[in-house]
Amino acid sequence: MRAAVYEGEGRLVVRDVPDPVPAADEVMIEVEACGVCGSDVQIISVPPGHPSTPPVVIGHEFVGWVRATGSAVHDVAIGARVVVDPDPKCGACDPCRSGRPANCVNIVALGVYRDGALARYVTTPADSVYPISTDVPAELAALVEPLACVVNGTNRAAIRPGESAVVFGAGAIGCLFIAVLRASGAGRIVAVEPSAHRAPVARAVGADVVVTPEEWVAQRTELMPGGAEVVVDAVGSVLPQAIEAAGMGARVVMFGMNGNARPEVHQVEIVEKGLAILGSYISNFTFPAAIRLVESGRLNLAPMITATVPLEDAVAGIARIRSGEAVKIVIKP
Ligand SMILES: [Zn+2]
Ligand SMILES: [Zn+2]
């Protein structure tokens, strides 16, 4: 089969690889659609902003059809349409048994440490798949994985009706935060995003105002008097700006990941404002909620899909995410 393989040091190559074979407790899925994630961009950056073990087939935000099951799998039907938690939890380690599966010490992430879904077929543990309605367009079903992570982040912020929010970054994750915060009853939502291509999308999914980082610095006291009650860093390197944007008693959700970021922080502001700085990593029992949100059509997510492209165009598609021109590129292998 054809697959997009990360071969190390910035090299992503679409080439032939053997078809995968499911282990006894795994299923094999024919990939219908797979989104390109910011972490895919980080993996193929030089130096990498996200670790991985090349050579590896990347891609972890996907929907597909179960085509084969291992001998020990009895509760997943062949032919079922499923989305997948690409960070399979062991269920047995200390964090798993303490109710913090995101911190599972035995996660072997698909598309990072084992082969992922930018390919015709992918195998995954059977207990990481979730059925999804065949009525959901494939492009939107491929958003379930990042949405599950964003629902976790929104839960961390515990937003109350009418509260204001500032979201730094209006790529796919920022836009999903805007959509979920809007659906959760947020008041004013300001998005801060340098790319002019992304501003109309951020507005379409629920932002009241979208400004560039320069405009935010110049206008923030008028745009968000007193600071925001919820602040989201969907960039991975803007903690200082997030602290500055936060009002008294605000919750600051740190979501974006950039392993190279070492920002200088004005620490006393956290103390004086009584801020809660909340790391939010992957999903946390939030796949069912994300699937219900997508199936219900309650979020206006279609404007996020910039383009759907074939697998052979994966390298160009990822470049469009990196440039800031696209919000979400979906690949159909
Ligand atoms: Zn992702
Ligand atoms: Zn575990």
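Colleague: Is proline 213 buried or exposed, or partly exposed?
Modeller: Proline 213 is partly exposed, at 30% relative accessibility. Buried would be under 20% relative accessible area and exposed over 50%, with partly exposed in between (1.4 Å probe, protein chains only). Keep in mind that this is a predicted model: local features need pLDDT of at least 70 and side-chain atom pairs count only at pLDDT 80 or more, while totals for chains, interfaces and linings use all residues. Residues are numbered from 1 along each chain as its sequence is written, chains are lettered from A and ligands numbered from 1 in the order in which they are written, and side-chain values use heavy atoms, with hydrogens and water left out.

Colleague: Fine. Where does proline 213 sit, and what does it touch?
Modeller: Proline 213 is in helix H7 (residues 213-223); helices here are DSSP runs (H or I, at least four residues) and strands are E runs of at least two, numbered from the N terminus. Not counting residues up to four places away in sequence, proline 213 touches Val192, Glu193 and Pro194. Contact means heavy atoms within 4.5 Å.

Colleague: How far is proline 213 from glutamine 241?
Modeller: They're 9.5 Å apart in space, C-alpha to C-alpha, and 28 residues apart in sequence.

Colleague: You mentioned Glu193. Which residue does glutamate 193 form a salt bridge with?
Modeller: Arginine 198, with the closest N and O atoms 3.8 Å apart. A salt bridge is a side-chain nitrogen of Lys or Arg within 4 Å of a carboxyl oxygen of Asp or Glu. Glutamate 193 is buried at 5%, and arginine 198 counts as buried too, at 10%.

Colleague: How many salt bridges does the structure hold?
Modeller: 17. One of them pairs arginine 15 with glutamate 7 at 2.7 Å between the closest N and O atoms. Arginine 15 is partly exposed at 28%, and glutamate 7 is partly exposed at 28% as well.

Colleague: What does arginine 120 pair with?
Modeller: Glutamate 30, the closest N and O atoms being 3.3 Å apart. Arginine 120 lies in the loop between helix H2 (94-97) and strand E7 (121-125) and glutamate 30 in strand E3 (residues 26-35), so the pair ties together parts 90 residues apart in sequence. Arginine 120 is partly exposed at 40%, whereas glutamate 30 is buried at 17%.

Colleague: Which residues are linked in a network of salt bridges?
Modeller: Arg2, Asp16 and Glu312.

Colleague: Switching topic: what does the domain assignment give?
Modeller: Domain 1 (2-143 + 301-332) and domain 2 (147-279); the bounds come from an automatic or database domain assignment. Their centres, taken over C-alpha atoms, are 27 Å apart.

Colleague: Last one: which classes of residue make up the lining of the second largest pocket?
Modeller: Seven nonpolar, five polar and three charged residues. Ala, Val, Leu, Ile, Met, Phe, Trp, Tyr, Cys and Pro count as nonpolar, Asp, Glu, Lys and Arg as charged, and the others, Gly among them, as polar.
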